[in-house]
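Q: Could you walk me through this structure? I have not seen it before.

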Amino acid sequence: MNIIITNSAGAPIYEQISSQIKALILSGQLNEGDALPSMRTLAQDLRVSVITTKRAYEILEAEGLIESFTGRGSFVAAKDPQMLREQNLREIEKHLTEAADIAKRSGITTAEVQELLSLILEE
């Protein structure tokens with residue numbers, strides 16, 4: 001698992017970790033039942049506090065993406081198709097909101113944005 005932490009990202013380290021693991025799960029690179037590194041191992045690999053990795057895993061567990069078992073570790077949870085769809089819709093909404101803000105600041109019309117989105121979806 002390749003996680004990249006950057007101090008210039010503007011997001012807390014635990015959020016960087018959780019969002020990258022989340023992306024690996026949602027993209028299918030991590031599958032149901034796959035073991036995640038222990039919190040301690042991940043903390044050592046990333047050179048961060050165990051508290052930081054614990055917080056990242058707690059976020060993923062709260063979102064239903066992983067399950068943690070005392071003494072056994074953390075594993076990718078079974079994928080609930082409705083939950084995955086909802087997660088993806090939230091991610092799309094976030095990116096579309098950013099794109100809409102840029103379009104408004106740049107004077108790009110709704111029709112131009114819709115045309116661009118249609119072209120992207122056809123690829």
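**Aromatic pair and helix packing**

A: A search of the whole structure finds one aromatic pair. The rings of Phe 69 and Phe 75 have centres 6.2 Å apart and planes at 50°, so the pair is tilted. Rings of Phe, Tyr and Trp (its six-membered ring) pair if their centres lie within 6.5 Å; planes under 30 degrees apart count as stacked, over 60 as edge-to-face and the rest as tilted. This is a predicted model, in which local features need pLDDT of at least 70, side-chain atom pairs count only at pLDDT 80 or more, and totals for chains, interfaces and linings use all residues. Residues are numbered from 1 along each chain as its sequence is written, and side-chain values use heavy atoms, with hydrogens and water left out.

Q: Is Phe 75 buried or exposed?
A: Phe 75 is buried, with a relative accessible area of 18%. Buried means under 20% relative accessible area, exposed over 50% and partly exposed in between (1.4 Å probe, protein chains only).

Q: And what about Phe 69?
A: Phe 69 counts as partly exposed, at 35% relative accessibility.

Q: New topic: at what angle do helix 1 and helix 3 cross?
A: The axes of helix 1 (residues 13-26) and helix 3 (residues 50-62) cross at roughly 45° and come within 8 Å. That makes helix 1 oblique to helix 3. Angles under 35 degrees count as roughly parallel, over 145 as roughly antiparallel, 65 to 115 as roughly perpendicular and the rest as oblique. Helices are DSSP runs (H or I, at least four residues), numbered from the N terminus. Axes are lines fitted to C-alpha atoms, for helices over the stretch in contact, and angles run from 0 to 180 degrees between N-to-C directions.

Q: What does Ser 18 touch?
A: Leaving aside residues up to four places away in sequence, Ser 18 touches Ala 56, Ile 59 and Leu 60. Ser 18 counts as buried, at 7% relative accessibility.

Q: Where is Arg 47 found?
A: Arg 47 is in the loop between helix 2 (39-46) and helix 3. Its phi is near 60°, a positive value in a residue other than glycine. Arg 47 is exposed, with a relative accessible area of 78%.

Note on methods. Helix = DSSP H or I, 4+ residues; strand = E, 2+ residues; numbered from the N terminus. Contact = heavy atoms within 4.5 Å.
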